[in-house]
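This report covers salt bridges, the nonpolar core and a surface patch. Please view the sequence and the model below before reading on.

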Amino acid sequence: MKMEIRRLFPGDDALVVRVAEDVFDEPVRPDRLAAYLASPGHFMIVALADRIVVGQCAAVIHRHPDKVSELYIDEVGVAPAFQRQDIATKMLDAMFELGREHGCEEAWVGTEPDNVPARALYEARKEPHGPPEDFVMYLYRL
């Protein structure tokens, strides 16, 4: 089986027609995907196995008037049958490279305290600035 890690660009919507289960939280809507890919500073890396999306990593550049630009890793998902094959690591590596290419000096990602697989992935990175930070998030419906 041929595995390919690649960045999606506007117009690559057709690559996300066939998606393995549990890669995204919800079904991908073509209109939302097109808008995401067309938005400046929004990036998506996918893992394709025989033209089926088996992994995805989405990120957004946060630009600040008083701090360095940072890459926020918004989502990382890999189909269960493809986990533990370094797919998520390869997607993160590709995303970090994109962040560097776009002037980001930092990247950050968050996860739930009980998400053991995600925490293992992030803690295995050789470049973290230190231990995980305490984080409190508030969600508002708009």
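## Surface patch, core and salt bridges

W108 lies in strand β5, residues 106-109; helices (H or I, at least four residues) and strands (E, at least two) are DSSP runs numbered from the N terminus. The model is predicted, so local features need pLDDT of at least 70 and side-chain atom pairs count only at pLDDT 80 or more, while totals for chains, interfaces and linings use all residues. Residues are numbered from 1 along each chain as its sequence is written, and side-chain values use heavy atoms, with hydrogens and water left out.

W108 has a relative accessible area of 32% and is partly exposed. Buried means under 20% relative accessible area, exposed over 50%, and partly exposed in between (1.4 Å probe, protein chains only). Together with F135, M137 and L139, W108 forms a nonpolar surface patch of about 510 Å² accessible area. Patches take residues with over 30% relative accessible area and no salt bridge, joining like charges within 9 Å and nonpolar side chains (Val, Leu, Ile, Met, Phe, Trp, Tyr) within 5 Å. Accessible areas come from the Shrake-Rupley method with a 1.4 Å probe; for residues, only the protein chains shown count as cover.

The largest nonpolar core holds 38 residues, and M44, L71, I73 and M95 have the most contacts inside it. Two or more residues of this core come from each of α1 (30-38), β2 (42-49), β3 (52-62), β4 (70-78), α2 and α3 (116-123). Such a core is a set of buried Ala, Val, Leu, Ile, Met, Phe, Trp, Tyr and Cys residues joined through side-chain atoms within 4.5 Å. Leaving aside residues up to four places away in sequence, M44 touches several residues, among them R6, F24, L33, C57 and M95; contact means heavy atoms within 4.5 Å.

R6 also takes part in a salt bridge, with D12. There are three salt bridges in the structure, each defined by a side-chain nitrogen of Lys or Arg within 4 Å of a carboxyl oxygen of Asp or Glu.

| Salt bridge | N to O distance |
|---|---|
| R6 and D12 | 3.6 Å |
| R29 and D31 | 2.7 Å |
| R100 and E97 | 3.2 Å |

D12 is buried at 16% relative accessible area, whereas R6 is partly exposed at 27%. D31 is partly exposed at 45%, and R29 is partly exposed at 38%. E97 and R100 are three residues apart in helix α2 (residues 87-101), which means that about one helical turn separates them. E97 is partly exposed at 35%, and R100 is partly exposed at 47%.
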